Amino acid sequence: MPTVRFQPAEVVVEVPGGTLISEAAQRAGLELSLPCGGQGRCGRCVVIVPQGQVRRRSTERLLPADIEAGMALACQTLIEADTVVTIPPQERIERTQALSVRRAAPPVFPYPYHPETDQPIRQYHLTLPAPSLEDQTDDWSRLQRELRCQQGIRELTASLSVLQQLGQRLRESNWDVTVVVELDSWDRPQGPARLLDLLPADRSGSLWGAAVDIGTTTVTVYLVDLQTGQVAAQAAEYNAQIARGEDIISRIIYAKKPGGLEELQHLVRQTINRLVAQACQTAGAEPTEIYKLTVAGNTTMMHLFLGVPPEPIRLTPYIPTVNHWPTIRAGQLGLAVHPEATVDCLPGVASYMGADITAGVLSSGLWETNEVTLFLDIGTNGEMVLGTKEWLISCACSAGPAFEGAGVQCGMRATEGAIEEVWISSQSYEPTYRVLGNVPPRGICGSGLISLLAEMFITGVIDKAGNFNFRLPSERLRQGPHGGEYVLVWASQTAHGKDIVITQVDIDNLLRAKAAIYAGFTVLARQVGVRLEELSQVLIGGGFGQYINMEKAIQIGLLPDLAWDRFQFLGNTAVRGAYYGLLSRQIRRQLTEAAQKMTYLELSADNTFFEEFQAALFLPHTNLNLFPSVAAIAARG
């Protein structure tokens with residue numbers, strides 16, 4: 001079999017002929033990111049082959065000079081003989097977000113919290129009479145009898161693993177114990193109680209739960225004291241699955257590969273376990289004291305988390321395996337909490353309308369408002385819900401990862417070195433910009449791309465179709481390897497010594513993304529006879545939403561042209577909804593009711609969506625009457 005020597009790690013691995021370089025790297029235990037899931041579309045898994053024999057299945061995103069220099073796409077290049085492969089420094093999937101989230105003000109449960117009625121996870125102190133020759137009741141029956149007599153719990157169940165430890169735990173504690181039980185659940189209020197744990201009497205006092213949002217980009221965990229209802233710690237970091245695909249379609253495709261589904265499940269489980277450990281360290285808790293988790297996420301993330309093949313989600317007629325999940329035990333999923341902890345996966349609506357939106361509808365207040373409200377969650381998908389407490393209609397559109405910095409030549413995530421805001425002079429066409437961390441820039445994040453696109457349009461660098469105006473007297477406008485481009489930062493001012501540019505291809509991707517979102521909520525409104533100017537409020541959830549410059553988003557036609565006081569940026573509504581459902585049986589039932597109440601509109605089956613999409617492919621729109629504030633700027637010149 002051929003051998004592959006990876007540099008600079010100096011790791012050697014044997015592989016069968018015909019193995020992809022990316023697969024060989026994984027066998028060697030080396031991290032190699034595949035942002036497009038190994039489809040060869042993104043060009044960001046470039047390696048250098050200085051020696052050996054390989055066969056390139058695709059050279060997309062590579063120039064002839066690149067190939068001459070030995071460059072190859074790791075996900076599209078087959079090893080045919082002994083080979084040396086150099087892996088250049090890759091974009092790190094950083095975990096710095098964990099710090100900023102932990103420092104954020106903890107959310108507050110907005111309703112009165114009464115754990116004795118709202119919370120099914122309880123603990124009781126029991127002193128049991130020791131067995132004797134006169135009382136030979138078995139241990140399990142003895143425990144059931146005392147819980148019935150002392151606490152009124154008439155029915156009790158337990159798993160085999162709990163029963164296997166029962167006798168030893170009772171005797172070690174000298175029959176003086178703390179019993180942790182789950183009395184019932186939101187969906188079986190009359191069901192038997194379940195024994196979760198048996199502890200020595202002096203171990204009472206610690207009952208923890210966790211609310212988890214599995215985002216395509218970021219995973220967030222709230223550690224919650226189930227006795228007080230307070231969030232004791234927060235932690236978040238990038239979903240490690242990003243290394244195998246930045247958008248859900250790429251991950252669905254990757255999951256079809258041999259071992260791909262198991263790898264993706266392992267990566268997200270690893271992320272959650274790491275965040276749980278961080279949160280517990282902050283709060284002085286033990287992960288094994290977590291007895292309940294509520295989990296939100298889009299439909300694909302839920303399938304990958306639970307190891308369920310997601311392939312039907314992307315195939316007509318777009319039907320997921322499950323929308324309403326049964327409760328699961330943490331031990332079945334390999335979560336580093338108490339193995340008997342209940343894992344409650346919140347309900348979704350459709351393949352592209354998941355539990356993250358159900359949780360957002362509830363925590364945003366849309367669920368109980370009388371005002372006609374539009375709720376938006378803008379990420380790799382654009383999900384939206386329109387309605388009041390009486391009715392809800394929803395849809396999802398494929399925005400793609402452009403607004404998260406992916407699929408853009410110099411795009412990056414919102415980490416240190418990302419340009420987050422841009423201003424362009426209308427006289428000189430020279431840019432100024434703000435960089436996260438106040439360091440030399442490395443690329444442009446989503447909010448920076450929105451800002452840059454708006455500034456280029458307002459100043460005339462591009463026209464309403466997104467085409468560059470090369471007649472302008474600016475050296476920043478030029479022809480690049482892939483067509484026209486605007487140089488935002490010269491190489492001498494960047495962290496990596498390369499120009500930071502936005503290309504015509506990038507602009508086209510951004511226009512398609514914003515057009516899909518605008519067309520989506522336009523079609524929703526038309527379906528129910530609501531005009532966009534009649535919206536009382538627009539609620540924007542998701543981590544990305546809180547960084548959007550509203551004025552710039554309106555100028556490019558991403559958001560409707562409404563008075564600014566009608567917009568509210570709510571941050572992560574998904575994890576907040578999971579937190580509410582963790583604490584309250586009633587709210588957990590409402591989450592299911594909200595999911596069942598939402599009418600889902602499949603845009604691919606709606607003839608008007610394509611028409612609205614085409615109309616929105618311009619800046620800000622083909623119908624400038626829809627954007628009077630932008631028309632006023634244009635009129636002023």
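This is a predicted model: local features need pLDDT of at least 70, side-chain atom pairs count only at pLDDT 80 or more; totals for chains, interfaces and linings use all residues.

How do the residues of the lining of the largest pocket divide into nonpolar, polar and charged?

Tutor: The lining of the largest pocket divides into 17 nonpolar, nine polar and eleven charged residues. In all, 37 residues line this pocket, and those that lie nearest its centre are Gly43, Arg44, Val46, Gln409 and Lys498. The space within the largest pocket comes to about 1,600 Å³. Two strands, S4 (46-51) and S27 (500-503), each contribute at least two residues to the lining.

In general, the strands of a sheet pair through backbone hydrogen bonds, and the pairing may be either parallel or antiparallel. The loop between strand S1 (3-7) and strand S2 (11-14) holds Pro8, and the peptide bond that joins Gln7 and Pro8 is cis, with omega about 5 degrees.

The bond from Leu619 to Pro620 is cis, with omega near -15 degrees, and Pro620 is placed in the loop between H17 and helix H18 (628-635). As a general rule, most peptide bonds are trans. In helix H17 (residues 607-615) itself, the buried residues are Phe609, Glu612, Phe613 and Ala615. Seen down the axis of H17, these buried residues fall within an arc of 160 degrees, so they line one face of the helix. The other side of H17 carries the exposed residues Asn607, Phe610 and Glu611. Among the elements that cover the buried residues of H17 are strand S21 (392-397) and helix H13 (504-527).

In one, three strands follow the order S3-S7-S5 with antiparallel pairing. Strand S3 (19-20) and strand S5 (54-56) stand at its edges with a single partner strand each, so one side of each is left without a neighbour in the sheet. S5 and strand S7 (residues 77-79) are joined in the antiparallel sense over three bridges, where Arg56 stands opposite Thr77 in S7. The other open sheet, also of three strands, has the order S23-S22-S24, and its pairing is mixed. Its edges are strand S23 (431-435) and strand S24 (443-444), each of which has a single partner strand, so one side of each lacks a neighbour in the sheet. Strand S22 (residues 418-424) runs antiparallel to S23 and is joined to S23 by five bridges, one of the pairs being Glu421 with its bridge partner Arg434 in S23.

Strand S9 (residues 121-127) is described by its burial as well as by its pairing. Five of its seven residues are buried, so S9 is largely enclosed by the rest of the structure. Seven bridges join S9 to strand S11 (residues 176-182), and the two strands run antiparallel; in S11, Thr178 is the bridge partner of His125. The loop between helix H6 (160-172) and S11 contains Trp175, whose phi is near 70 degrees, a positive value in a residue other than glycine. Trp175 has 8% relative accessibility and therefore counts as buried.

Tyr318 lies in the loop between helix H9 (299-306) and strand S17 (328-329). At 23% relative accessibility Tyr318 counts as partly exposed, because the buried class ends under 20% and the exposed class begins over 50%. For context, most residues other than glycine have a negative phi.

Terms used: Residues are numbered from 1 along each chain as its sequence is written. Side-chain values use heavy atoms; hydrogens and water are left out. Buried means under 20% relative accessible area, exposed over 50%, partly exposed in between (1.4 Å probe, protein chains only). Helices (H or I, at least four residues) and strands (E, at least two) are DSSP runs, numbered from the N terminus. Two strands pair if DSSP finds at least two bridges between them. The arc is that of the directions from the helix axis to the C-beta atoms. Contact means heavy atoms within 4.5 Å. On a 1 Å grid over the protein atoms alone, a cavity is a set of points where a 1.4 Å probe fits but cannot get out, and a pocket is an open set with protein on both sides within 12 Å along at least five of seven lines; lining residues have an atom within 4 Å of a point. Grid points are joined across faces, edges and corners, and a volume is the space filled by probe spheres set on the points. Ala, Val, Leu, Ile, Met, Phe, Trp, Tyr, Cys and Pro count as nonpolar, Asp, Glu, Lys and Arg as charged, and the others, Gly among them, as polar.
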